[in-house]
Amino acid sequence: MPGGRLTDEDRRQIADWLAEGLAYAEIARRLGRPTSTVSREVARNGAPSGAYLADHARESAGQRARRRRPAGPAEPVADGQQADEVRAFVDEFAALLAATGMPRMTARVFVCLLTAGADGLTSAELVRQLHVSPASVSKSVSSLEAMELVARTADRTSRRKRYLVDDEVWLSAWQADTDAHGRIATAARRGIEIFGSGTPAGDRFDRMGRFFARLSEHMSGSGLAEPVVYDALTVVAALVHAGRPLARDALLAALDWPRERVAAALHAIEHEPAIADPLALRTLPTGDHCLVPRADRLNAAQRAALEQSG
């Protein structure tokens, strides 16, 4: 039925119509579904070549259904984490999301759910953690549900509803400027460090970071594969750590990579400035490489003031 979950027959139809060259909007019209449902389905179950894998889609849907389990007590934050550090992270991450256009209170509720255990949180738990009114939480949760960023599930131990971030939420994430997505991806990697790899929160931030890194590439028209982007970030880290210009041979020796891999990473940084933002790669007349502040991050007056302050 329209608005419900896609059936196996729906997925077969999508595969057939894509093979015929139909656009997402036309496929959605024929299925009686929103276009976003079709685009998310194809993005979630696409091969590296761009082909839609209907069999993989059916298997993934079954796995997601089996992963769902009765709600229980919220999982504690990873051992050793200080409450003030977590609160500071929630506020900082919420500010980044607010910069993309999301209302600040809605962003705080969303990040709070990101840092929750596998079973999410109830409205009452959100009120206690954020120290806000129930009305504020209710309004924010409604907005997040409308954006398909948060799912609602029943708490079998009470009549309350629990809210959680679905595993595939990033496929329905909003559109914003490329640089903001890059900053969110960087912050997500910090989230993994705080909450730990393998924890529910850490896994969510890992999926989030990878999604926003890819989204940033696609929005800028980049055709770079994900490994190339991560190699580029490693080269950026190497140049920052060195604190001085490095020749390509020095990078080869330090990273222990083939020449072609270093060349591809340097090329990516040069042609996709958002990767190293707020820095930019500069190649000196000697052939050495270094990082400098991006010219568009400081205006002429700010640069002059900083030069005089030295």
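Trainee: Which residues of α1 are buried?

Mentor: Keep in mind that this is a predicted model, where local features need pLDDT of at least 70, side-chain atom pairs count only at pLDDT 80 or more, and totals for chains, interfaces and linings use all residues. Numbering starts from 1 along each chain as its sequence is written, and side-chain values use heavy atoms, with hydrogens and water left out. Buried means under 20% relative accessible area, with exposed over 50% and partly exposed in between (1.4 Å probe, protein chains only). For α1, the buried ones are D10, R11, I14 and W17.

Trainee: In what order do the strands of the open sheet run?

Mentor: Helices (H or I, at least four residues) and strands (E, at least two) are DSSP runs, numbered from the N terminus, and two strands pair if DSSP finds at least two bridges between them. β1 (residues 121–122) pairs with β3 (residues 161–164) over 2 bridges, while 4 bridges join β2 (residues 151–154) to β3. The pairing is antiparallel, and the order is β1-β3-β2.

Trainee: Which strands stand at the edges?

Mentor: Look for a strand with a single partner, so that one side is left without a neighbour in the sheet. That picks out β1 and β2.
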